[in-house]
Amino acid sequence: EKFRENTLDSFHEGFKAGASWVEFDVQVTQDGVPVIWHDDHIVTLGDDGSPNHQEICELSCTQFMSLATGQRLVRTFAEADSGELLPWLCDDGCRGIPATFADVLQHAPLELGFDVELKFFRDRPTTAAERQRYMECMLEVLREYAGNRRLFFSSFDPDACIDVKRMQQKYPVLFLTDLKNSHDDARRNNLEAAIAVARGAGLEGIVPCVDFLLPDLEQNLDKVKAAGLAVLTYGKANMKEEHIKTQ
């Protein structure tokens with residue numbers, strides 16, 4: 001683990017290791033620059049050691065890059081898992097700096113396909129105006145730099161999937177769903193709802209969590225195929241070779 005995630009260095013190394021596709025998340029800064037970053041916020045440590053959370057959309061691209069490459073950056077997933085804030089370090093130092101969407105479109109290997117996840121706010125709803133601005137900034141960069149690169153969109157936000165499908169027809173759109181029956185938005189709660197979203201919006205497919213598909217895998221996949229949709233999967237179970245072979 002010598003390369004930070006979501007960097008050009010990591011994409012090049014993944015390609016050299018045999019990856020034909022990479023997945024990454026896009027955020028948009030206050031000044032309209034799409035950047036590659038997993039969360040809607042960035043966390044750094046203050047002078048007193050307390051965490052400072054800032055939304056990417058409230059930072060300029062210059063401010064974001066400064067924080068993302070600084071010594072006070074900490075990993076948010078560590079905070080979520082254990083309450084402990086850890087420095088963003090790799091085994092032999094951290095190679096690679098955060099990239100803009102334009103950077104990766106221009107400089108990642110041309111043979112490398114992109115799964116571009118459209119990412120929004122974790123702790124509050126996204127307004128229609130916020131989604132519209134996000135899409136316009138992201139699609140403007142895409143039209144200028146994508147060329148003939150293989151690419152598709154995915155998102156856990158059904159409205160984002162609908163919007164990006166409405167605003168462009170060139171690239172496939174797939175609805176991501178964890179299939180947990182715990183969301184306020186009923187469209188996110190089960191496989192049948194995900195299929196209905198995809199078919200209703202003319203999406204190309206869905207990306208469900210494999211952990212929830214496995215108990216009735218063949219039956220679940222038949223439902224998706226019968227709807228004329230493509231299906232990809234994600235989840236921890238895909239780390240096991242036996243589950244990959246089963247699929």
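# Charged residues and helix packing

Glu-117 is buried but forms no salt bridge, and the nearest side chain of opposite charge, Lys-119, lies 4.2 Å away. A salt bridge needs the nitrogen and the carboxyl oxygen to be within 4 Å. This is a predicted model.

**The setting of Glu-117**

- Glu-117 belongs to strand 5, which covers residues 113-118.
- Apart from neighbours within four places in sequence, Glu-117 touches Glu-23, Phe-24, Asp-25 and Val-26, together with Tyr-134, Ser-154, Ser-155, Phe-156 and Leu-176.

**Salt bridges**

- The structure has a count of 12 salt bridges.
- One of them joins the side chains of Glu-13 and Lys-16, with N and O 2.8 Å apart.
- Both Glu-13 and Lys-16 sit in helix 1 (residues 8-16), where they are 3 residues apart, or about one turn of the helix.
- Glu-13 is partly exposed, at 28% relative accessible area, while Lys-16 is exposed, at 61%.
- Another salt bridge links Glu-55 to Arg-124, at 3.5 Å from N to O.
- Glu-55 is in strand 4 (residues 51-55) and Arg-124 is in the loop between strand 5 and helix 5, so this pair ties together parts of the chain 69 residues apart in sequence.
- Arg-124 also forms a salt bridge with Glu-130, their closest N and O atoms being 3.2 Å apart.

**Helix 5 and helix 6**

- Helix 5 (residues 128-145) packs with helix 6 (residues 158-167) at an angle of about 45°, and their axes are 11 Å apart.
- The two helices, helix 5 and helix 6, are therefore oblique to each other.
- Where helix 5 passes helix 6, the crossing is right-handed.
- On the helix 5 side, the contact residues are Arg-131, Gln-132, Met-135, Glu-136, Met-138, Leu-139 and Arg-143.
- On the helix 6 side, they are Asp-159, Ala-160, Asp-163, Val-164, Arg-166 and Met-167.

**Helix 7 and helix 9**

- Helix 7 (residues 191-201) and helix 9 (residues 217-226) have axes that come within 10 Å and cross at roughly 15°.
- Helix 7 is therefore roughly parallel to helix 9, since angles under 35 degrees count as roughly parallel.
- Helix 7 also passes helix 9 in a right-handed crossing.
- Leu-191, Glu-192 and Ile-195 of helix 7 meet Asn-220, Lys-223 and Val-224 of helix 9.

Key
Residues are numbered from 1 along each chain as its sequence is written. This is a predicted model: local features need pLDDT of at least 70, side-chain atom pairs count only at pLDDT 80 or more; totals for chains, interfaces and linings use all residues. Side-chain values use heavy atoms; hydrogens and water are left out. Helices (H or I, at least four residues) and strands (E, at least two) are DSSP runs, numbered from the N terminus. Buried means under 20% relative accessible area, exposed over 50%, partly exposed in between (1.4 Å probe, protein chains only). Lys and Arg count as positive and Asp and Glu as negative; His and the chain ends are not counted. Contact means heavy atoms within 4.5 Å. Axes are lines fitted to C-alpha atoms, for helices over the stretch in contact, and angles run from 0 to 180 degrees between N-to-C directions. Angles under 35 degrees count as roughly parallel, over 145 as roughly antiparallel, 65 to 115 as roughly perpendicular and the rest as oblique. A crossing is left-handed if the near helix is turned anticlockwise from the far one by less than a right angle, and right-handed if clockwise.
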